[in-house]
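Subject: Handover of a structure

Dear colleague,

I am passing the structure below to you for your records. Please read the notes after it alongside the coordinates.

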Amino acid sequence: MRATLEARRDLGPEYEAALVESFVDRIDATIAARVRAEVRAEVRAADADPQSPRSRRKGDGTVAIALGSLGIGVPLTAIAAGEAGAAGLLLAWGGIVTVNIAHALGRRRTRD
């Protein structure tokens, strides 16, 4: 983040959009890598212990949905707030919340 801010100072405001996009891309890549690592670790743990609750609900994707929502939320927050202000921010997070609620309701139906 410091490097991006220093580059903005050096390059000027005309490069601000490109710098923000580059920074968001790096954050998104970092979060995606962490999500993949967490999912792999959870799959390995479930495979190692067949009696664990995780193995019984293997493949439900709850952790992936939650972490993915946060990972997508960071760049969407920056973009939506920067481009459309509070309305864009509410719309972006409203969509993320809707996806999570739909997933939770879908899980509830398959359990019942």
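The notes below cover the conventions, the overall fold, the surface and several individual residues.

Conventions. This is a predicted model, in which local features need pLDDT of at least 70 and side-chain atom pairs count only at pLDDT 80 or more, while totals for chains, interfaces and linings use all residues. Residues are numbered from 1 along each chain as its sequence is written, and side-chain values use heavy atoms, with hydrogens and water left out.

Overall fold. The protein chain contains four helices and zero strands, where helices (H or I, at least four residues) and strands (E, at least two) are DSSP runs numbered from the N terminus. In sequence order the pattern is α-α-α-α. Contact here means heavy atoms within 4.5 Å. Among contacts in the protein chain with a separation of 6 or more, 48% are between residues 24 or more positions apart.

Burial and surface. Buried means under 20% relative accessible area, exposed means over 50%, and partly exposed lies in between (1.4 Å probe, protein chains only). By this criterion, 16% of the 112 residues of the protein chain are buried. The chain exposes about 8200 Å², of which carbon and sulfur atoms supply 61%. Accessible areas come from the Shrake-Rupley method with a 1.4 Å probe, and for residues only the protein chains shown count as cover.

A nonpolar surface patch is formed by L70, W93, V97, I101 and L105, which together have about 450 Å² of accessible area. Patches consist of residues with over 30% relative accessible area and no salt bridge, with like charges joined within 9 Å and nonpolar side chains (Val, Leu, Ile, Met, Phe, Trp, Tyr) within 5 Å. A salt bridge is a side-chain nitrogen of Lys or Arg within 4 Å of a carboxyl oxygen of Asp or Glu. The C-alpha atoms of L70 and I96 are 8.7 Å apart, although 26 residues separate them along the chain.

Helix α2. This helix (residues 16-48) has 33 residues, which at 1.5 Å a residue should span 48 Å; its end C-alpha atoms are 48 Å apart, in agreement. The expected span is 1.5 Å times one less than the number of residues. The buried residues of α2 are L19, V24, I31, V35, E42 and A46.

Other residues. S69 is placed in helix α4 and counts as buried because its relative accessibility is 11%. Leaving aside residues up to four places away in sequence, S69 touches I96 and N100. The side chains of S69 and N100 are joined by a polar contact of 2.8 Å. A polar contact is a pair of N or O atoms within 3.5 Å; within protein, one must be able to donate a hydrogen and the other to accept it, and residues adjacent in sequence count only if both atoms are side-chain atoms.

A3, in helix α1 (residues 2-11), is exposed, with a relative accessible area of 52%. Its C-alpha atom is 9.8 Å from that of L19, 16 residues away in sequence.

Kind regards
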